[in-house]
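Subject: Structure handover

Hello,

Here is the structure for you to take over. Please open it first, then read the notes below.

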Amino acid sequence: MTYRTYTGIYLLPLSVDPASTVSGLLSIFHEQELTETIHDTDGHGYLATFVGKNGRFVVLRVHSQGLVTVDLQFYEDDDIAQLDNLLNALENKLKVLLNGNITRIKKLPALLRGAKVDRYWPTADGRLIEYDIDKVVYEEDSEYQNIKILHSQQYGNILVLDGDVNLAESDSAYTQAITGSGKENYAGKEVLILGGGDGGILAELVKQKPKMITMKVIDGCKKYMRKTCGDILDNLKGDCYQILVQDCVPLLKKYVQEGRTFDYVINDLTAIPISTSPEEDSTWEFLRLILDLSIKVLHPSGKYFTQGNSANLTEALNLFEERLGRLSCPVDFRKEVVCVPSYLEQWVFYTAWKK
C-alpha cells in the first residue's frame with residue numbers, strides 16, 4: 001500500500017523559546033486524536049512523535065537554532081482534506097503564537113513510499129527528482145546491467161540502466177550533442193559507436209548515409225523506444241550498418257591489432273564516474289581503457305565524441321580532462337554544455353581529436 005509523507009518547514013527567530021512554542025502546538029495534535037511520545041534529545045531542541053487513527057504518524061522537531069519541521073505520514077486512502085487542515089492549522093497556530101514573526105514557511109509536496117512504480121530518481125549531482133512515471137514498460141537483468149524502461153507522461157519512455165536515467169524519447173538534444181551538434185558530415189565515413197544500445201545515435205547517423213556504422217544494441221529498446229530508434233534496430237545489419245552483440249573491449253583490442261581505424265568513434269557506454277578517487281572506483285580504469293583504445297582506432301583526422309556528466313560535477317570533469325592529457329596518443333579537446341530534458345540538469349559533452 002502506498003504511504004505518503006508531507007513535510008512542513010518553518011524557520012523561527014532565534015529568540016523564540018522552543019518549549020513554549022511546542023506547548024502551544026500540542027492542542028492541534030490532540031484535536032486530531034494524535035497521542036504524543038516525547039523523546040530525549042540530550043539538549044538538542046525538542047522531539048516528539050504522534051500516532052493517530054488510520055496509521056497516521058507525525059514527527060515534530062523543534063531545533064534550538066529556530067528550525068521547526070513537521071513530517072506527517074499517512075496511507076494514500078486516508079482523508080487528504082483532513083490532513084491538509086492539520087498542516088494548515090499548525091501553520092496558523094505558529095503565526096498566532098509568534099505574532100506572524102516567522103522567517104520562512106515551506107510545505108513540500110508529499111513523497112510516495114511503497115508505490116508499485118518508483119517515481120524518484122537522483123540526478124548526477126545528488127538531487128532527488130520526482131518524475132511523472134506511471135508504469136514499468138520493460139525490465140530485465142542482462143549480463144552487464146539492470147535495464148528498465150519506464151513510461152513518463154512528459155518525457156515518453158525512459159531508459160534507466162542500473163538506477164541511472166540514461167535516455168528518454170524526448171532527449172533528441174542528447175543524440176545531437178554526442179554526434180557533433182549537426183556540424184559533422186558523416187556521408188561515406190566509417191563510424192564506430194560504443195554502447196548506444198537505445199538506437200538513437202544509429203537512427204540519426206544512417207540518415208547521412210555513412211559508409212559503415214558498427215555498434216552494440218540493448219534488447220527491449222527496439223520495441224519500447226521506437227520514438228528514439230525508429231525501426232533501425234529491427235535488423236542487426238543494414239546497407240550501411242552492423243550491430244554487434246558483444247563486449248566492446250575485446251572488439252576494440254582486435255581493431256587495434258588489425259590496424260583498423262574509424263573516422264568517428266562515439267563512446268556512449270557510460271558517463272564520467274561521480275567519484276573523484278580513481279583508486280577506489282574501477283569505473284575510472286574502465287574509462288581510461290576505453291579512451292586509450294578508442295583513440296588508437298581513430299583515424300589521424302578523425303573525431304572522438306563522448307558524454308561527460310553533470311555540469312555541476314566540476315571535480316570529476318576536471319579529472320576526466322586530466323585523463324585526456326595523459327593518453328598514449330596526445331589529443332586536443334573541446335566541450336559543450338547541453339540541456340537534456342529528462343536529466344533536469346545541464347550535461348557536458350566532449351569532442352577529442354589527435355594532435
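An active site is annotated at D268 in UniProt, in an unreviewed entry. Please keep in mind that this is a predicted model. D268 lies in strand β16, which covers residues 262-268. D268 counts as buried because its relative accessibility is 8%, under the 20% cut-off.

What surrounds D268? Beyond its neighbours within four places in sequence, D268 contacts Y174, I178, L194, G195, G196, D198, I201 and Q307. With one of these, Y174, there is a polar contact: the two side chains come to 2.4 Å.

Q307 belongs to strand β17, residues 298-310. Its relative accessibility is 6%, so Q307 is buried too. The Q307 side chain has a polar contact with the side chain of Y174, at 3.1 Å. Another polar contact, at 2.9 Å, links the side chains of Q307 and W347. So Y174 makes side-chain polar contacts with both D268 and Q307. Leaving out residues up to four places away in sequence, Q307 also touches N267, T270, A271 and I272, among others. V348 and F349 are on that list as well.

Next, the sheet. Six strands make an open, antiparallel sheet, in the order β2-β3-β4-β5-β1-β6. From one strand to the next, the twist averages 15°.

Within this sheet, look at β1 (residues 3-11) and β5 (residues 67-75). They run antiparallel and are joined by nine bridges. Helix α2, residues 80-97, lies across β1, β5 and β6. The helix runs at about 170° to β5.

Last, the cysteines. How many disulfides are there? The count is zero. For C248, the nearest cysteine sulfur is that of C221, 16 Å away. Is C248 buried or exposed? C248 is buried, because its relative accessible area is 10%. C339, at 48% relative accessibility, counts as partly exposed. That value is not over 50%, so C339 does not reach the exposed class.

Over to you.

Best wishes

Notes
Residues numbered from 1 in each chain as written. Predicted model: local features only at pLDDT ≥ 70, side-chain atom pairs only at ≥ 80, totals over all residues. Heavy atoms only, no water. UniProt positions renumbered as here; feature names shortened; annotations may be inferred. Helix = DSSP H or I, 4+ residues; strand = E, 2+ residues; numbered from the N terminus. Buried < 20%, exposed > 50% of the residue type's maximum accessible area, 1.4 Å probe, protein only. Contact = heavy atoms within 4.5 Å. Polar contact = N/O pair within 3.5 Å; in protein donor to acceptor, adjacent residues only side chain to side chain. Pairing = 2+ DSSP bridges. Axes fitted to C-alpha atoms, helices over the stretch in contact; angles between N-to-C directions. Disulfide = S-S within 2.5 Å.
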